[in-house]
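Please open the model in your viewer with the sequence panel beside it. The stops below are meant to be selected in order.

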Amino acid sequence: MGLSTYSSKFPKRWKLFIVLVGILLIVSQIYYIFTTPSKQESIPLDVERSHTSNQPMGGDKLPKVHDPIIKTPPRHSILTGFGGFKSKLPQLQHDFSPEPVVYTKLRESRRNAIKKSFLHGWTGYKTYAMGHDELKPLSNKPKTTFGGWGATMVDSLSTLVIMDLTDEFLNVMPRISKINFRVDQDISVFESIIRYLGGFISAFELGERKQDMLIQKAEKLAQELLPAFDTPSGFPYHLWNPAKNTSTNQETLFAEVGTFQLEFMMLSQLTGNTIYGEKAQQVTDFLDSMGYEQGVYIKGLYPTALDTHKGRFKDDPSNWILAISTFGAMGDSTFEYFLKEYLLMDGSVPQYGRMYTESINAMKKHMLRQVPGYDLLLLPPFDTQHMNHRNSMDHLTCFVPGMLAMGAVTFNQPEDMIIAKGILETCVFMYRTTETGLSPENWALGKTEEYNPVTYNKTKSELEKLRNWWYDDELVNPLILEKTERESQNELPVHKKKDETRVVTEYSTNYKLPPVKKRPESLYFDDKRYLLRPETVESLFILYRMTGDQKYQEYGWEIYESIEKWCKTKSAYASVRNVERTPGEEDEETEGFNQIDSMETFLFAETFKYLYLLFSPPEILSLDKFIFNTEAHPFVRKHWNWDKILKKDDV
Ligand code: DMJ
């Protein structure tokens with residue numbers, strides 16, 4: 001019997017009833033689809049962009065987001081990362097245990113205090129210098145330092161999102177949309193990339209890709225900068241004039257040729273235009289291929305000064321500074337980007353990991369110095385041509401502990417974690433030992449010795465004592481005792497084993513840091529200014545997130561309190577002239593005492609952000625879900641598709 005015959009036997013009013021029920025079911029289904037919240041763990045990120053020409057290249061396609069931005073509870077916020085992402089690499093963050101309520105209260109009160117400080121500086125900038133690059137925090141005058149495009153405004157964007165300052169974030173959008181990058185000025189390619197380009201990309205992502213204008217601005221800026229890469233070597237010029245399309249000099253620095261790859265790779269992903277990522281890869285390949293003929297004397301330890309036309313490091317035997325390799329000013333962030341590129345690509349490009357480990361192994365072999373009897377490690381510049389070390393270290397080098405700690409876990413190098421902690425103790429010591437509790441810009445230690453894991457952090461008498469068992473027949477070789485302990489540990493499940501990098505989280509509301517040790521005799525300060533720099537708090541944030549050791553939070557809080565005490569001005573925050581100087585009887589305590597009329601944009605982009613994150617719940621901006629560019633702008637980790645950019649099977 002056919003369906004039609006069957007249905008024709010149905011009475012008319014039943015037919016009508018069935019049709020009505022059908023319509024009701026369809027309508028309720030449609031209503032359900034549009035009103036029920038997504039069951040995915042996080043807000044979908046891969047929203048199709050409204051213009052079709054530049055589709056994102058990421059693999060995971062998800063529906064549009066309809067919720068209002070930012071004000072979503074943390075668990076479902078983009079700040080907890082891309083829900084579908086699980087890295088193939090080892091987990092970086094410590095497994096934090098749940099917090100007791102009293103501790104949460106303390107942590108939150110500190111986090112709020114830091115947000116208030118950020119707002120104090122931000123309000124000053126808005127009041128006196130909105131749209132300019134910087135505010136001079138004593139004279140309340142604007143200052144042009146980076147093209148006049150509003151560097152503080154753009155560098156603050158990702159922090160505004162992270163601190164849940166949605167209105168402030170939205171209020172600056174109209175100004176940002178008006179920025180014109182084609183100026184007749186020499187602008188720094190490096191600074192424009194890390195502060196502006198990184199700022200736009202990160203804000204676009206953290207704003208859940210709702211502000212298309214941000215990615216359009218990023219691309220506009222990158223288009224202005226692309227001609228600066230048209231050099232014989234492919235290394236970008238140090239300075240570039242977008243209006244004249246020229247550069248005035250052909251010299252550049254190691255840090256400047258290796259600190260655009262993350263931003264350019266991300267830009268290619270987000271716009272679909274592969275040119276940026278290709279440029280980035282070309283430069284990395286060129287660096288990778290450089291050897292003795294190009295001025296690299298030790299594999300992995302690249303010197304500082306480069307010639308963009310000749311495509312080699314600068315070489316002049318009479319100028320000792322040229323073959324210097326450093327993890328501080330002028331070298332720093334290229335080493336950082338080797339590791340972070342490896343992480344961004346989730347380990348799929350071994351080249352970056354190899355380049356990173358080559359550099360770190362050479363650094364450990366040649367550059368690292370220890371201070372007898374202290375847990376301090378010094379990482380001074382090294383003359384790769386004459387094989388000798390310098391005595392000084394700058395605050396900029398203090399990003400290294402964070403980098404080394406992440407590398408230690410990524411490449412399973414436990415010793416790197418010990419070194420990270422040692423260098424971080426040095427950086428923190430430079431804060432804790434001064435009158436103001438702020439670190440100098442540069443310090444030197446006359447008496448150091450080569451880093452030696454066997455004798456590191458041991459005094460002469462401790463070393464002597466360690467051998468006492470030799471001469472006492474009653475005593476047993478400590479290694480035999482240790483072995484017995486190790487054997488008993490082996491019976492424990494893996495996650496309970498004692499391990500340098502993972503300790504049980506302890507939460508105390510009354511944590512007492514040990515008093516600072518006496519200064520080593522040979523310590524002196526080359527440059528006593530504190531310029532509001534972030535590197536030490538950056539490493540404290542990373543080390544805290546990786547170890548769960550509360551000591552790092554307490555160090556950070558001390559630093560924050562010193563910034564509040566000595567850097568705050570009526571309108572914002574100022575750099576400090578001399579970290580050793582506090583008002584004496586002879587000093588009139590006038591406003592601006594010991595302060596410099598300068599507030600760099602990284603105070604907003606980095607220093608306050610890292611301090612805030614140090615006291616945020618650990619799932620916010622987890623190291624396993626985000627990569628921070630060198631200016632602390634977070635980029636989302638996910639399974640991007642790199643094939644189109646790299647166009648090769650094995651790099
Ligand atoms: C920042 O602009 C970046 O971190 C850069 O890599 C070097 N240092 C400054 C802040 O000190």
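Select helix H8 (189–206) and helix H21 (602–614), each of which supplies at least two residues of the shell around the ligand; helices here are DSSP runs of H or I with at least four residues, numbered from the N terminus. This is a predicted model, in which local features need pLDDT of at least 70 and side-chain atom pairs count only at pLDDT 80 or more, while totals for chains, interfaces and linings use all residues. Residues are numbered from 1 along each chain as its sequence is written, and side-chain values use heavy atoms, with hydrogens and water left out.

Next, show the shell itself: Ile194, Arg195, Leu396, Arg533, Pro534, Glu535, Phe602, Glu606, Thr630 and Glu631, where a residue belongs if one of its heavy atoms lies within 4 Å of the ligand. These residues divide into four nonpolar, one polar and five charged, with Ala, Val, Leu, Ile, Met, Phe, Trp, Tyr, Cys and Pro counted as nonpolar, Asp, Glu, Lys and Arg as charged, and the others, Gly among them, as polar.

The protein covers 92% of the 300 Å² of accessible area that the ligand has on its own, as computed by the Shrake-Rupley method with a 1.4 Å probe.

Now turn to the aromatic rings, for which a search of the whole structure finds 36 pairs, a pair being two rings of Phe, Tyr or Trp (its six-membered ring) with centres within 6.5 Å, called stacked if the planes are under 30 degrees apart, edge-to-face if over 60, and tilted otherwise. Select Phe118 and Phe608, an edge-to-face pair with 6.5 Å centre to centre and 80° between the planes. Because Phe118 lies in helix H3 (residues 101–129) and Phe608 in helix H21, the pair ties together parts that are 490 residues apart in sequence. Phe118 counts as buried, at 0% relative accessibility, where buried means under 20% relative accessible area (1.4 Å probe, protein chains only).

Finally, select helix H16 (residues 414–432), which is mostly covered, since 15 of its 19 residues are buried.

Methods. Expected span 1.5 Å × (residues − 1). Buried < 20%, exposed > 50% of the residue type's maximum accessible area, 1.4 Å probe, protein only.
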